[in-house]
Protein chains: 2
Amino acid sequence: MKWSELLQRRTVRRFDQKEVPEKALRRMLNAARLASCGGNFQHLRYLVIRRPELARLVFNETSYGGHVRPGRTPHWGVDAPQVFIAVVAPANPGTTIIADAGAAVQSMEFAAFDQGLGSCWLGAFDRARVTRLLQLPVDRELLFLLAVGYPAESPVAEDIPAGAPTKYYLDGSDVLHVPKYTVDAITEWR
Amino acid sequence: MKWSELLQRRTVRRFDQKEVPEKALRRMLNAARLASCGGNFQHLRYLVIRRPELARLVFNETSYGGHVRPGRTPHWGVDAPQVFIAVVAPANPGTTIIADAGAAVQSMEFAAFDQGLGSCWLGAFDRARVTRLLQLPVDRELLFLLAVGYPAESPVAEDIPAGAPTKYYLDGSDVLHVPKYTVDAITEWR
C-alpha cells in the first residue's frame, strides 16, 4: 500500500471474528522494532496475547470509544478484537521511552492497515489488573495495549477548523466520523 | 512509496544544503494531524522553523549522534538540517500526550522519507533556550524537535539478537550502521 493510502487508516473498534495469522502479527512487530527510538536504545518489549482464554480476560479490562458509548463497545465473541499487543517498558519510563512507545504503536498500526487489519490503541484499561494477568515482573511497566483484528467498520475522517470540537460521532447509518484539524489549524510558520 | 519501502527509513544526520519546499512540509504536517491520538483530542501543535536566521539559532542548541561524536555532528551551512518542526504540547503533558507526540513524529518521518527527505528526531537540546527562541507562552511546552532536510547519508539497519549492544557506529567507509533487535528478541507470545 502506498503512503497516501496508509494515511487513510483510522482506528477500528468493531472486528470480524476471524483469526489473525502469526505472519501478519510478525509484520506488525517488525514495524515496531524499526520505529524511531531515542538513542537507539530499544527499551520496549512486546507481549502478543492471542490465546483466546487470555485474550478474553484482557478484553474484559479494556474499554472503547468513550465518546460514543455504547455505540462502539465490542462484545466478546461478537465483534471483539482477536489479539492484543501489550507494549512494555522498563519501570518508571521517562518522556523518551513513552514517546518511543507512541512511535512504535503508530508504526504497528500502519503495518496492520497495510495488511487489511484494523487496530485500536488503548490507554483506557485497568493497568494493575492487566499487569497481573500478564504476570509482568516488578521491573517492567505496561504502557499500552494495541487491539488487533480484521475490521468490521470503516470510520471516516473529516476536516475541521481551529477551535472546533474534536469528539468523534456516529451518523444515522452507524458510520463513525472522526473530526481532524486541518494543517493550518495546528501549524505556525516561523 | 510502499510500506515495505517506507520501513527502510533511517534517521539522517547529514543534509544537503537544498531548500525544502513548503508543499513537502505540509505533507509531513498532514501526516502529523492524521496520527493516532488519545481520545482524538489533538492537543499537539507544530511550529515550522524555516527562516534561516531562526533555524540557525535553534540549530545551535541541538546535538546529534551522541554515540559517534563528532562523526555525525552537522555544521551550519555545510551539512546541517534546513528546517526544524517543533512539537508543542499543553504545559505538563501526561503519558497520553507524550505518546501522541511519538506517533505524530513517527508519521512525519514516514511522510518525509516518502518524499525523498531525511529527518532526525531530537530530544537532546536545551529546552529552556529553544522555548525562549520560539517565544512559547507559559501554557505551552516544547516536547521535541524534528530536523528535516534532503539526506546526505544513507544509514543501514542490521539485525542483532537479544542482549546485543544497540550502539550505532560508523564503518571504515563512514556509513552509519544501526543495530536493531530482531522480532524474536523483543517479543513474547502468550
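Predicted model: local features only at pLDDT ≥ 70, side-chain atom pairs only at ≥ 80, totals over all residues.
User: Why is E3(A) called mostly covered?

Analyst: Five of the five residues of E3(A) are buried. Both faces are covered: A:Gly118, A:Cys120 and A:Leu122 lie on one side, with A:Ser119 and A:Trp121 on the other.

User: What makes A:Trp121 buried?

Analyst: The relative accessible area of A:Trp121 is 15%. Buried means under 20%, so A:Trp121 qualifies.

User: Which residues is A:Trp121 in contact with, leaving aside its neighbours within four places in sequence?

Analyst: From chain A, the contacts of A:Trp121 are A:Gly102, A:Val105, A:Glu109, A:Phe144, A:Leu145 and A:Leu146. From chain B they are B:Ser36, B:Ala99, B:Asp100 and B:Ala103. A separate C-alpha to C-alpha value places A:Trp121 at 7.6 Å from A:Thr11, although 110 residues separate the two in sequence.

User: How do you know that the span of helix H4 (residues 95-114) of chain A agrees with what it should be?

Analyst: The 20 residues of H4(A), at 1.5 Å a residue, should span 28 Å. The end C-alpha atoms are 29 Å apart, which agrees. After the helix comes A:Gly116, with a positive phi near 80 degrees.

User: Why is H4(A) called largely enclosed by the rest of the structure?

Analyst: Of the 20 residues in H4(A), 16 are buried, so the rest of the structure largely encloses the helix.

User: How does the reach of helix H2 (residues 22-33) of chain A compare with the expected value, and which of its residues are buried?

Analyst: H2(A) has twelve residues and reaches 16 Å from first C-alpha to last, close to the expected 16 Å. Its buried residues are A:Ala24, A:Leu25, A:Met28, A:Leu29, A:Ala31, A:Ala32 and A:Arg33.

User: At what angle do H2(A) and H4(A) pack, and which residues meet?

Analyst: The angle is about 145 degrees, with the axes 8 Å apart. The crossing is right-handed. A:Arg27, A:Met28, A:Leu29, A:Ala31 and A:Ala32 of H2(A) meet A:Ala104, A:Ser107, A:Met108, A:Ala111 and A:Ala112 of H4(A).

User: What are the angle and the axis distance for helix H2 and helix H4 of chain B?

Analyst: H2(B) and H4(B) pack at about 145 degrees with axes 8 Å apart, and their crossing is right-handed.

User: Why do strand E5 (156-160) and strand E6 (169-170) of chain B stand at the edges?

Analyst: The open sheet of three strands has the order E5-E7-E6 in chain B, with mixed pairing. E5(B) and E6(B) each have a single partner strand, so one side of each is left without a neighbour in the sheet. Two bridges join E6(B) to E7(B), and these strands run antiparallel. B:Leu170 stands opposite B:Leu176 of E7(B).

Note on methods:
Residues numbered from 1 in each chain as written. Chains lettered and ligands numbered in written order. Heavy atoms only, no water. Pairing = 2+ DSSP bridges. Helix = DSSP H or I, 4+ residues; strand = E, 2+ residues; numbered from the N terminus. Expected span 1.5 Å × (residues − 1). Buried < 20%, exposed > 50% of the residue type's maximum accessible area, 1.4 Å probe, protein only. Axes fitted to C-alpha atoms, helices over the stretch in contact; angles between N-to-C directions. Left-handed = near helix turned anticlockwise from the far one by under 90°. Contact = heavy atoms within 4.5 Å.
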